[in-house]
Amino acid sequence: MNNDNSDDVNIVIKHNDNNDDEQSSSTMATMLTNEFDQIKISNTSMMKLYENPNNLHNDNDDDQLPESNSSSSSSQSSSIEYICYKNETQMPDIMRLIQKDLSEPYSIYTYRYFIHNWPQLCFLAMDQNVCIGAIVCKLDYKKRKILRGYIAMLAVDERYRKRKIGSNLVLKAINVMIELNADEVVLETEVTNRPALMLYENLGFIRDKRLFRYYLNGVDALRLKLWLK
């Protein structure tokens, strides 16, 4: 009798375990579905941002601007013109901007390698006839399968920062990469460069890898990646 009762109890317990497993599986499936839906919504929103850069809003930029200068800064930003690289006469302005900020020097041949091979991925921000921002990129295949965009250099004159000029330059370049059917975009930046990390992460980039002592000054780099497909 005791053994039979024990068996009956065991059977009941097993049935309850199965029900719990089914409920757990159902709950897990619901959670995963919700997560995938959120990812789809996030990706859709990000693609809309690239299609219409006017949707860009960087709260951190606005928070760091003094209230008294907000309206004047907005009017000044509206006068900024973004143009694609045209010829060698623009090279000194690009080099002047970038050499101020980068942690390691580049020769003119490095600039020419990127700009002459991918001129459509080099943009300048102009305030009247003065170059106040620049971005230099390239686009080529990784392992003959993935068409990867690479942001090599980005710089904005310190007097014009916190006006979304850097973000707009990045969006200009990414839009061209999308038109050229790029699969992803990557870049490296110093792990200590919080403004750069904030800028790119606001545009949807994620931290992909840490590169130890990547720069000549011994500072680590973070590789950031944005998937376009």
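Buried means under 20% relative accessible area, exposed over 50%, and partly exposed in between, with a 1.4 Å probe and protein chains only. Keep that scale in mind on this tour.

The model is predicted: local features need pLDDT of at least 70, side-chain atom pairs count only at pLDDT 80 or more, and totals for chains, interfaces and linings use all residues. Residues are numbered from 1 along each chain as its sequence is written, and side-chain values use heavy atoms, with hydrogens and water left out.

**Stop 1: the sheet**

Helices (H or I, at least four residues) and strands (E, at least two) are DSSP runs, numbered from the N terminus. Two strands pair if DSSP finds at least two bridges between them.

Show the strands. Seven of them form an open, mixed sheet, in the order β1-β2-β3-β4-β5-β7-β6. Neighbouring strands are turned by 25 degrees against each other on average, direction ignored. Axes here are lines fitted to C-alpha atoms, for helices over the stretch in contact, and angles run from 0 to 180 degrees between N-to-C directions.

Now go to β1. Five bridges join β1 to β2 (residues 122-127), and the two run antiparallel. Click I80: D127 in β2 stands opposite.

**Stop 2: two helices on the sheet**

Contact means heavy atoms within 4.5 Å. Select 91-101. This is α4, which packs on the sheet and touches β2, β3 (130-142) and β4 (146-156). The direction of α4 makes about 85 degrees with that of β3.

Next, select 165-179 for α6. This helix also packs on the sheet, touching β1, β2, β3, β4, β5 (184-190) and β7 (221-227). The direction of α6 makes about 155 degrees with that of β4. Of the 15 residues of α6, 12 are buried. Among them are I165, L169, A173 and M177. Just past the helix, N181 takes a positive phi of about 70 degrees.

**Stop 3: V170**

Stay in α6 and pick V170. Is V170 buried or exposed? V170 is buried, because its relative accessible area is 0%. Which residues does V170 touch, not counting those up to four places away in sequence? They are I135, I151, L154, L199, Y200 and L203.

**Stop 4: β5**

Select 184-190, which is β5. Seven of its seven residues are buried. E184, V186, E188 and E190 point one way; V185, L187 and T189 point the other. Three bridges join β4 to β5, running parallel. G149 stands opposite V185. On to β7: seven bridges join β5 to β7, running antiparallel. There, L222 is the bridge partner of T189.

**Stop 5: the rings**

Rings of Phe, Tyr and Trp (its six-membered ring) pair if their centres lie within 6.5 Å; planes under 30 degrees apart count as stacked, over 60 as edge-to-face and the rest as tilted. The whole structure holds five aromatic pairs. Y106 and Y111 are edge-to-face, because their planes stand at 80 degrees, with centres 6.2 Å apart. Y106 is partly exposed at 25% relative accessible area, whereas Y111 is buried at 0%. Y214 and Y215 are also edge-to-face, at 5.0 Å centre to centre and 85 degrees between planes. Finish at Y113, F114 and W118, a cluster linked by ring pairs.
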